[in-house]
Every structure is written in C-alpha cells, then in structure tokens.
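Visitor: I have a few "how do you know" questions about this model. Could you walk me through the terms as we go?

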Amino acid sequence: MSQSPLPVGTPQVTPRSRRLLIVQTCLYCLLVTTGAVYLFAQLFSVPGFWLPATRLLLATTFVALAFVENSLRCEGVEPQEPAPAAETTTEAPRTSRFLPPGLQAWLQYFHQHLATTLITTLLATVFAIANIADAQSLDQTSAPPLALTGIFILLCFTLLLIERMLSFKVIRGWQYQEQHTELVRAILSIFLLLTTAFLITTLSPTTALWFIKLGSLIVLLIAMEYLLRAAMAIMLPLPAESEPRFLTRSLFTALYQWPLQPVLLLLGAFHQRFGVDLRQIQAFRLIGKKLLPVTCGIAVLGWLLSGLTEVDLYQRGIYERFGRPVAVLPPGLHIGFPWPFGRVIPVENGAVHELQLSDNSEMKQPLAQPDIAEGPAPQSSWRLWDNSHATDQSQVIASTAMNSQNFQMVNTDIRVIWRVGLNDQDAFNSKYQTEDLPLLVRSVARQVLMTQFASKQLDQLLDEQRVTLAATLSQEIQQRLTRLDTGVELLFIRIEAIHPPAGAADAYHSVQAAQIAGNALIAREKGYAATVSNEAQRKARTGFDTAEAAAAENLSRAKAAATNFSAEEQAWQLAGEAFITERRYQILSQALAHTPLLILDNHLQGENEPVLDLRQYPALADSTAPQKARTK
C-alpha cells in the first residue's frame, strides 16, 4: 500500500452518463417509496403480500443501485464533495500526521469505489435472506389491487424495451454494455416473477409466495457475487491507473442468454482473467456444445424415472392418474405415469397409534436407569389422586346437591388406540375425506365422552367396571367415525384413570372416609342388634324346651305311677292280705337298707334289763377290717 493517492481529474458528463444519472435518480425515488411502504407495513403488522413484495423490491433496488454507482464511477462521474479545495488542502497535513500515506490512499480508494457497493449489496443480501426465511403464509383475501398489478406490468414492458434496445444496438466505446444488458434481463425476470405472483394470488397464494421467494433467491445470488467481488477487491493492491475496477460483473446474470453455454462462458472469463484460452482445446469445446443437450436429456430421463415408485413394506400407496385416485398399491416397486401426470401418495399399512384426549402431551424425562420388571413402577404409571398429571383432562359430570341438580368436575386420562383401516376404501377415505386424522379422532372422542359423562355421577363412574365403560365408548366412537367416512379403525379404548381433580381429592377422601365410617357404625349396630335378638330367642327357646321336657317327665312319671297302682290293685285283688304284708315288708326293707339300727326285743326276759349304749362305735366297715397286733 505504498502507492500515491489516485489523481482526480475533471469528470466529463456524457449522454450515457446523463442517462445513468436519470436511472440513479429513479432508483432513489423507488427506494424511498418502497422503504416508506415497508416501514408502514412493518410497524403496523399489515398482513398479506406487502412485506414480502416490498422486501423483494428493496433488495432489487439496492442491487441496481450498486450496479449504477459502479457504472458511474467507471464512466468518470464522481460525486463532488461540498467542501472547498482550500479546506481540503489544509486538512490533509493534519490527517497525514496520524496515518501513513499508503493507508490514507487506501482509505480514500475504499471510500470512493468500495463503500457504496459493499453497503448496498449487504443490505440487499439482508432483505433477500429475510424474505426467503419468512414463514408467513398468504391467503386469498390478501390480493394486491389491480392498479398496482397494472403498474408492474408497465414496468416489465419498459424493461423489455430497454433490454431489446441494449441487445440489438451496439454502442461503440462502451465496454460494459453487455453487463448492463445482463442486469436488465435479471431485473426483468424478477419483476416478471413478482407480477405473476400478484396475478395468481387469488388462485394460489402459496404458489405466489414461492414466486416471490424465487425472485429473492435470484437477488441473493447476484448480491452475494457483488459482495464477494467487492471483498476480494479490498485485498488486492490499489490500481495504478485512475480508472476504477468494474466490480459489479456477475457470472449468474451472464447466464441470461440463448443458447445457454455456461462452460464456454466460464472459459471466456478464464481467458479474460488469466490470458489462457482453453476454448481452443477440442474437449472443452465439445463439452461446451454438448453440455446443454446432455443436461436436458438427463433431465428428461430423470423426469421419466419419476414414474417409477417404491412403496415401503410398512406403507401402502394411493396411485393418482391425472389427479384422480384409481388404485391402492401394495408394498413393492410400481411403474406409472411420470410426475405430475401420475403420483403415489403414501398411506399407513396397519400402523397402530395411541392418542391422548388431553391437549398436553406426557413429558418424557430421561431416566438414569431403565425400568426393569422386578424394580419399582415408573413415575408415569403413578395414579395418585392428589397429584396433577399432564395427561389428565377435565370433564363435566352430573351431580346432586341438597336434592337439586348440579354439576362437578372430574379428571380423566383416556387413551384411544386406532389405525387406518386395512381395506382400500379406508385408505381412500383417510386421505381424501379428512385433513388431520388425529385431530378428528380426538374431537369425536371428546364429543362421545361429554355425552356419556354428562348423565353419570362420580360414584357411578368410580364404581362402574372400566371394561364395560371402555367397550361402550369404543362402540359409539367407532359408529361416529364410520358415519363420517374417515377410514379409521378403532382398536380399543384404554382408561388409565378417573378421579376427582387434584385440589378436591382431599375433600373427596374425607367425604368417603366419613361415609365409610358411617356405614361401618351402622353395620356394627345392626350386628349388635342381631346378637341381642338371637340371644333372646335362644333363651326363650331354652326355657320353652326345658318346660316341655319337665312336663314330659312329670307325665311319664304319672303314667308310671298309674301303671304301678293298677298292677298293685290287681295283685291285692288276687292275693288279698298276703300282698299287703309282702308289700309292707318290701317297703321296710328298702327304707331300712342303709339305716343303722339298734333293735330291742321286748320279748327278752331275765335279770338283765335292756340297756341303751350311747357310746360311739366305729363303722361296720372299720370294725370288720383286720387290726394289726400291737406289741408293747
């Protein structure tokens, strides 16, 4: 960077330069107008095509400004500073005190020839990238007014006239005429895409948006090439001549010509840059001539091969011929018409889906150690009523309070297991009758749940068998899906949990505990009452049985006495006084059998009178026992 500052000559304004200045003024006016519209749409969030269209116009305007500014510098027209020359000469020594001459010359060159190109191409790149990355969608109500579309049609016609004039009339001494023609063609293609997008917005908003993004991609490629050339010029040494470099050449815009010969174009650029003419080599010349036919042949072959479709093993395919479904193809390789005359839409082939009826999906947390069969159950299977679960859904059910109708909330976790039917008609219905199968199945299932739970109370839901309830829900949901021709086969309904909300679980537990305690107390009192009643019945039955037994014994005893009396009466009548005597002796023998007696016979006579011995004698058993002899 030791070169001296570039000499500055007096600019000469030619008719060609005047036209470029007019174009530059028009571009600045377009930039101001489009920028104001873009700021208004950005600040007030105007929906529709305004933001994408203004971004594309701003990016195109910045690229055209970079090209025109560079052309003006190459034509010798430089923007004049308002400060006088004397002031510049006085300020130059002060600046040279701090900066070396080489760096000062480089900064002056950067300010005059590179700064504008870098800034404008960078802004164009930013707007083009923002337009491509924008995910906003258009609708049919956001169509532009017809007046605006007509203005763009006039602009396209004007650009076409300019391009024809530049193409058929060769201007002597203008070495950059070809670059101007190429840029006009590129801008014409961008405006054609934008005008086409305006025209088809009411028919296909998505296609119109893709046209705008395609135009943004063209601007992005041109701006990136200009930016890369300007960045490479920063690293090159300063030119010795006064004429600046033409930085806004573009290989992409050079492709806007017919016939397309990209290889010859690259070889020409290589010869102009390095002085080596590779076009004289027969191989390169042949490649340049045959590249387009070979490329077109490969493209046609690839287009024909688009009719060859492979259907995976876990899928089926609906074959559409000219947009009309004609058959369901099994897994395998199939041949049909190429795109877009024929295409195959994949359909599930027996894939089973589990759908949660709640809006919140279950959070999957990474486990440090996988669950095993012998280990504790995972937390996802915990169904404690006092904990909130992400998969719970609130339902309104019937209730009674103070003998009046009411309602209450209940949390449910119900899963729907479904799949697309296996027959061909189900495959057709799943693709052409519905747009979002999971959303439709969830909506129908929620309607059935609302209908079923609205007539049942909490105790009925908790006491009812889940298998029966799941079968009822599955039958009604399948009937509704069949009436809607969705092609969905409902396998079964899985009821994970039905319980009160987590906030009311404690209160419900208290009510249940009080009810259980009351039922237990009632059962205990009933048991005590039954015990007392049974004991009284037992005692009454025992007394009754005892009385009956005593009466039976007395009756039997009386009958035995009557029989004895009758027998003795007969014996007395037969034996007379002898029977009475014998009976008297028998009674005395029985009465005196176990009575110790002392008999005194009054018939004894003599001197010895009867004496009563009142001494105590041992029992007869002891007196009769043998006694041991005692020795002294």
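Guide: Gladly! The protein chain has 16 helices and 9 strands, where helices (H or I, at least four residues) and strands (E, at least two) are DSSP runs numbered from the N terminus. This is a predicted model, in which local features need pLDDT of at least 70 and side-chain atom pairs count only at pLDDT 80 or more, while totals for chains, interfaces and linings use all residues. Residues are numbered from 1 along each chain as its sequence is written, and side-chain values use heavy atoms, with hydrogens and water left out.

Visitor: Why are helix 5 and helix 6 called roughly antiparallel to each other?

Guide: The axes of helix 5 (residues 146-168) and helix 6 (residues 177-199) cross at roughly 160° and come within 9 Å. Axes are lines fitted to C-alpha atoms, for helices over the stretch in contact, with angles from 0 to 180 degrees between N-to-C directions. Angles under 35 degrees count as roughly parallel, over 145 as roughly antiparallel, 65 to 115 as roughly perpendicular and the rest as oblique. The pair is therefore roughly antiparallel.

Visitor: Which residue classes make up the contact of helix 5 with helix 6?

Guide: That contact has 17 nonpolar, 6 polar and 3 charged residues. Here Ala, Val, Leu, Ile, Met, Phe, Trp, Tyr, Cys and Pro count as nonpolar, Asp, Glu, Lys and Arg as charged, and the others, Gly among them, as polar.

Visitor: What makes His180 buried?

Guide: His180 is found in helix 6 and has a relative accessible area of 8%. Buried means under 20%, exposed over 50% and partly exposed in between (1.4 Å probe, protein chains only), so His180 is buried. Not counting residues up to four places away in sequence, His180 touches Leu20, Phe67, Ser71, Leu166 and Trp174, a contact being heavy atoms within 4.5 Å. The C-alpha atoms of His180 and Ser71 are separated by 9.0 Å, although the two lie 109 residues apart along the chain.

Visitor: How do you know how helix 6 runs relative to helix 7?

Guide: The axes of helix 6 and helix 7 (residues 205-235) come within 7 Å and cross at roughly 160°. That makes helix 6 roughly antiparallel to helix 7. By class, this contact has 14 nonpolar, 3 polar and no charged residues. Among the residues that meet are Leu183, Ala186 and Ile190 in helix 6, and Phe211, Gly215 and Ile218 in helix 7.

Visitor: And how many of the chain's residues are buried?

Guide: Buried residues make up 30% of the 632 residues in the protein chain.
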